[in-house]
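Dear colleague,

Please find below the structure I wished to hand over to you. My findings follow directly after it.

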There are 4 protein chains.
Amino acid sequence: MKRSITAAIIGATGYGGVGAIEILVRHPNVTITSLHAVADVGKRIDEVYPHLTGVCDKVIQPADAPIKADVVFFATPDGVGMKEARTYVKAGSRIIDYSGDFRFNTPALYAQYAARIGKETTHAAEDLLASSVYGLAELHRDEIKNAAIVGNPGCFAVSAILGAAPAVKSGIIDTKTMIFDAKSGVSGAGKKVNPIYHYPHRYEEMNAYKIGKHQHVMEVERELSAAAGSDITVTFTAQVFPVVRGIMTSVYARLNEGVTYEKALDVFKSFYANEPFVTVYGEKESVGNRSVRGSNRCAVWVNVDRRTNTLIILSHIDNLLKGQAGSAVQNMNIMMGLPETEGLTFIGSYP
Amino acid sequence: MKRSITAAIIGATGYGGVGAIEILVRHPNVTITSLHAVADVGKRIDEVYPHLTGVCDKVIQPADAPIKADVVFFATPDGVGMKEARTYVKAGSRIIDYSGDFRFNTPALYAQYAARIGKETTHAAEDLLASSVYGLAELHRDEIKNAAIVGNPGCFAVSAILGAAPAVKSGIIDTKTMIFDAKSGVSGAGKKVNPIYHYPHRYEEMNAYKIGKHQHVMEVERELSAAAGSDITVTFTAQVFPVVRGIMTSVYARLNEGVTYEKALDVFKSFYANEPFVTVYGEKESVGNRSVRGSNRCAVWVNVDRRTNTLIILSHIDNLLKGQAGSAVQNMNIMMGLPETEGLTFIGSYP
Amino acid sequence: MKRSITAAIIGATGYGGVGAIEILVRHPNVTITSLHAVADVGKRIDEVYPHLTGVCDKVIQPADAPIKADVVFFATPDGVGMKEARTYVKAGSRIIDYSGDFRFNTPALYAQYAARIGKETTHAAEDLLASSVYGLAELHRDEIKNAAIVGNPGCFAVSAILGAAPAVKSGIIDTKTMIFDAKSGVSGAGKKVNPIYHYPHRYEEMNAYKIGKHQHVMEVERELSAAAGSDITVTFTAQVFPVVRGIMTSVYARLNEGVTYEKALDVFKSFYANEPFVTVYGEKESVGNRSVRGSNRCAVWVNVDRRTNTLIILSHIDNLLKGQAGSAVQNMNIMMGLPETEGLTFIGSYP
Amino acid sequence: MKRSITAAIIGATGYGGVGAIEILVRHPNVTITSLHAVADVGKRIDEVYPHLTGVCDKVIQPADAPIKADVVFFATPDGVGMKEARTYVKAGSRIIDYSGDFRFNTPALYAQYAARIGKETTHAAEDLLASSVYGLAELHRDEIKNAAIVGNPGCFAVSAILGAAPAVKSGIIDTKTMIFDAKSGVSGAGKKVNPIYHYPHRYEEMNAYKIGKHQHVMEVERELSAAAGSDITVTFTAQVFPVVRGIMTSVYARLNEGVTYEKALDVFKSFYANEPFVTVYGEKESVGNRSVRGSNRCAVWVNVDRRTNTLIILSHIDNLLKGQAGSAVQNMNIMMGLPETEGLTFIGSYP
């Protein structure tokens, strides 16, 4: 089969980069042309990640080595893409950036985000923002098609938005009552060592952090506000648990009067009827992290507590796939005119 | 030192029983007189639990062997205590029952609870209910002192009630908006094997269950209603994560108008000012499961999301200690007129 | 692409069965015709294993439903294949059996094995033994090609034999000094619940079992004796650690006089020079379970303790792949005349 | 009760330091006078280790702050004790050093050890070596009593030596055939972050390291040689598994002709007949890490593979207790004339 599309990955040695490699080496239409990073330059990627032995032996190049590729993945932290993307955009490459650099398409919105993460609030490439699109395919498929730059969504945001958008859009809930209780596996914090992710500390730990202050909230509110057609402010609690891969978000909201469970379920089923990567489950079913781990799927489990008339959605994703590299490749497929599921029908292994 | 109080444990080989043994063998005032169970009868307890080697070598007796003790712990499932307690009450023993059998002091309330767990709704010892007390010391210390029977609280309930009671009692929140997102470690399900707690299944799993239907909700609502002086119905989601010991409950509620963060913190600090086993943390601090694991403490972390005016409490306990055996011994101390912290100042080990 | 080979799996709902499904659904030449089990009959496989959603939705049939397939996988415990294989052999199917039923090609050898595992020592299909072959491709590739029945090797045995065969065959060690210290992940014990694999028990456990008595030793000794041309008896210790997937076996043997490290390494490098699924590592390199987890590879790390003149091999496999379903499909490829690596170039995901 | 002995801990914030604190705060005869460290100076220890809340709130002092204590624990890495101990020895304090600084009582032996760990081979306090004693109580109780300085043993060494000493001393094995296959939990590497102990990397990892080169081998050989009365060189493989606390060492050696299993068991039972912290198990019993985790016990499980006439000992300890802080306090008890078990009868919690 001809692998006609070329791709380069900057930040190839982080979890997001290796996730993209794992997918792209199996993608029938893609050839990886080069891998780039700031560490481990000159090593083969399968020396850094031995599980890639026999699958990818590309030598890691400097981050600023010349790149020629149809798609350039910036699997990099905040602040890199905005500085480096222009060169590749000019050369005609399409950009997919994992960070928050291109998730907000106005300087003002970006400034708010930057303030949350303690970064300089002026965007380094303001003129590019207008041609960037928020990369959640389920909500922005058409815009992604022709975008020069896609701002891949935050992992918590994917889980939260997919778990809430149908309810918001359809108007079945009181949006002022929305609460997101979000739980992430440890890989969400990336490859960088940290005392709180040191194995002996983490193995029996569970904790909340950045309570009410997590930066992914901004994406959630922006997207849900757009869906609602009015400004929405939400309560969001980020938490970490000792699993490695997975995000599970509980979404709570008061149902509007007269909305039944059946109606709520129908809203979700309809909204995602044609989505290849979102599965809606009803209250008689059951779903957990093991159901989506290792896949690009989002599982949305619809429940209603009839005693309090509260919608309870459990939204599950693999944070490194649908929450990161999987969504990135899904976006690439859309941008390149490929079938959206190409290369993304892999599954996890059990147990 | 004279160990003047005698104690017997029925259900000694479950997690709740062994938890009581671990505490009582180090308790300066208590002698364990006999251990009882339906399985492993005739074996020494340190054969069943080798970590007890050198500490307790009592032979396990049948559940119905004669018992003579000041305190009888029913570390047994629902339905046992209500059938067996009468004998020991008559003989003058004080009873501490771990199950739901004596958590509800009217037949009507018990019937509701029994329905939730699929049990016969008629209580087998209705006449004893009036002399039973709900065993959450922080709320019922005075009644526990003289109770013939204490119904030890459910683990989720301890975490939820301690995380919410000050806010409810003080009237700083809109109680109609209360949501409890509760996460338990695996030991909460006890010693009995189950495919969903088989190591290869559970190690990367996280899931919700009995959504809106968990039986511990009844205790939570009963206690909070009493604190509020009016009926409260809450939304409660039970979840399991791959830690072994620990419960972490996020409590959400809309603050009433004009209530500041400082006021909210003060309400919690005041409420627990004299409580030896509850520690209140402010938003500038940080707390996680490792802080309470292995101790009888409850950590209550008070936060407010000012953007949505929502109180966010993170309530952490060790489910097997403050959530079970630790509370049981705390109740025993109160019933026997001992200092409440006697034998309960142990800590976990780190890491 | 034409998927011309048909396969049926008996025991489809165990870990070995689901492992085969995961591989075969991605295998370019294979169509799964039917899945069979004794439990969950009538359910779809993706109801039992939700991670298969979108990938395989076959309904599980009874174990004795009619089967028509080029290859029949018996992913079943000891004692099933020997009773059921005959029917399918007669019908022209090729058989791959996961159990010990067809690992020993004489009744006498089988009887010894059966005695070890406490089974009836008379084989139920003695006449089929002569046409069965031990399914370790690296040692029996040519015989497997035409075998009617392949007895897929035990997981510990794969790791032990591949770690020792080159040294034995080449005569560089004193075979009387061989010691195998073998460590398995928990999935080696399968899907069946057991108190010792209950999550709360296992999470910080490590233990040896069946010391000197594990049944896989017989395969190891038979194969190594054949390689040596003389009878070899080995010391073997089976152990379980709280990982889910993986086997790591330390192989120890005294080097014969004059054998250098370089010579030993060369023996291993030569032996496996053309093997697609065995990678030999030298003492300056480093390898661990994460290197092979999720792949069909065996990593053989060659070390010598020069102070004691002892060969130390660390042999790593994924127990469910190269140790079970991966080897099974490798055998199928050989039997069906396909390239040996077809469908087996998958890798694990990291982290 | 009068707590008449004073103790100071240098290196109080490492795992070895906090382990000593956990024991000493419960020790009936000891008062901790001061805690010292290079990091976190000025913080309270219960801020650094929140699980100590309510138990120890001492402020951490600089490593070089004045110390006045009967016993000074150097819970410090190699190279600290040798430079700092002299001051406290002169002042009359007794020293217990966790590192290798005082495990070898001649400059020549120390030089060999230092070379192994890549340190300067000249000891900084050679004159103190003669008054230092190797702190494995079971072998050196009498010398420890009056030692000015005790070199607390390495964790692997404790497990290996206790598992082998009786066999060596009694002459029942061929000491030239000794192999130690040693497995450690992750806490053995301490508190310092490291990519290989980052949670997402470690959770399904198992690997060997420093094969044939681990520095603890020197202690093992020195002690076993002394027990044998002749020089012994052993094969030793260090490995790490994803448990947090625990060491399990498999000891292999060929039995001398005519030595039966019963004889071997008797040798071990006799050797440890009066030892409070060593339990010998026979082949019909079973033992694992959960049996000793959280206690100061060493479990020695005696097995013989009769087919190969090989002694197989499984030696289990908690690496942070009997392997570190527990042994340290055991040594302190001996040095201070206290009952050896004082303060050391704690147990782990289960599950």
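Pro351(C) is found in the segment that follows α12 (321-335) of chain C, where helices (H or I, at least four residues) and strands (E, at least two) are DSSP runs numbered from the N terminus. The peptide bond leading from Tyr350(C) to Pro351(C) is cis, with omega near 5 degrees. In chain D, the bond from Tyr350(D) to Pro351(D) is likewise cis, with omega near 5 degrees, and Pro351(D) lies in the segment after α12 (321-335) of chain D.

As to provenance, this is a predicted model, in which local features need pLDDT of at least 70, side-chain atom pairs count only at pLDDT 80 or more, and totals for chains, interfaces and linings use all residues. Residues are numbered from 1 along each chain as its sequence is written, while chains are lettered from A and ligands numbered from 1 in the order in which they are written.

Backbone and loop residues

Most residues other than glycine have a negative phi, and most peptide bonds are trans. Lys210(A) has a phi near 45 degrees, a positive value in a residue other than glycine. Lys210(A) is placed in the loop between β9 and α9 (216-228) of chain A. Lys210(A) is partly exposed, with 15 other C-beta atoms within 10 Å; a residue is buried if 20 or more other C-beta atoms lie within 10 Å of its own, exposed if 12 or fewer, and partly exposed in between, with C-beta atoms placed from the backbone. Asp40(B) also has a positive phi, near 60 degrees. Asp40(B) sits in the loop between β2 (30-37) and α2 (45-48) of chain B and counts as partly exposed, with 16 C-beta neighbours inside 10 Å.

Lys58(C) belongs to the loop between α2 (45-48) and β3 (60-62) of chain C, and is partly exposed, with 17 other C-beta atoms within 10 Å. Leaving aside neighbours within four places in sequence, Lys58(C) is in contact with Ile32(C), Ser34(C), Leu35(C), Arg44(C) and Ile45(C); contact means that the C-beta atoms of two residues, placed from the backbone, lie within 7 Å.

The parallel sheet

In chain A, 7 strands form an open sheet in the order β3-β2-β1-β4-β5-β7-β6, with parallel pairing; two strands pair if DSSP finds at least two bridges between them. At the edges stand β3 (60-62) and β6 (132-134) of chain A, each with a single partner strand, so one side of each is left without a neighbour in the sheet. Neighbouring strands of this sheet are turned by 25 degrees against each other on average, direction ignored. Axes here are lines fitted to C-alpha atoms, for helices over the stretch in contact, and angles run from 0 to 180 degrees between N-to-C directions.

Strand β2 (residues 30-37) of chain A pairs with β3(A) in the parallel sense over 3 bridges, and Ala37(A) stands opposite Pro62(A) in β3(A). Helix α1 (residues 15-24) of chain A packs on the sheet, touching β1 (5-10), β2 and β4 (71-74) of chain A, and its direction makes about 160 degrees with that of β1(A). Helix α12 (residues 321-335) of chain A lies across β4, β5 (94-97) and β7 (149-151) of chain A, running at about 160 degrees to β5(A).

In chain D, strand β4 (residues 71-74) is covered on both faces: Val71(D) and Phe73(D) on one side and Val72(D) and Phe74(D) on the other are all buried. Strand β1 (residues 5-10) of chain D runs parallel to β4(D) and is joined to it by 4 bridges, with Ala7(D) opposite Val71(D). β4(D) also pairs in the parallel sense with strand β5 (residues 94-97) of chain D over 4 bridges, where Phe73(D) stands opposite Ile96(D).

Interfaces

Between chains A and B, 38 residues of chain A are in contact with 38 residues of chain B. Between chains D and B, 26 residues of chain D are in contact with 26 residues of chain B. On the side of chain D that touches chain B, α1(D) gives the most, with 3 residues.

With kind regards
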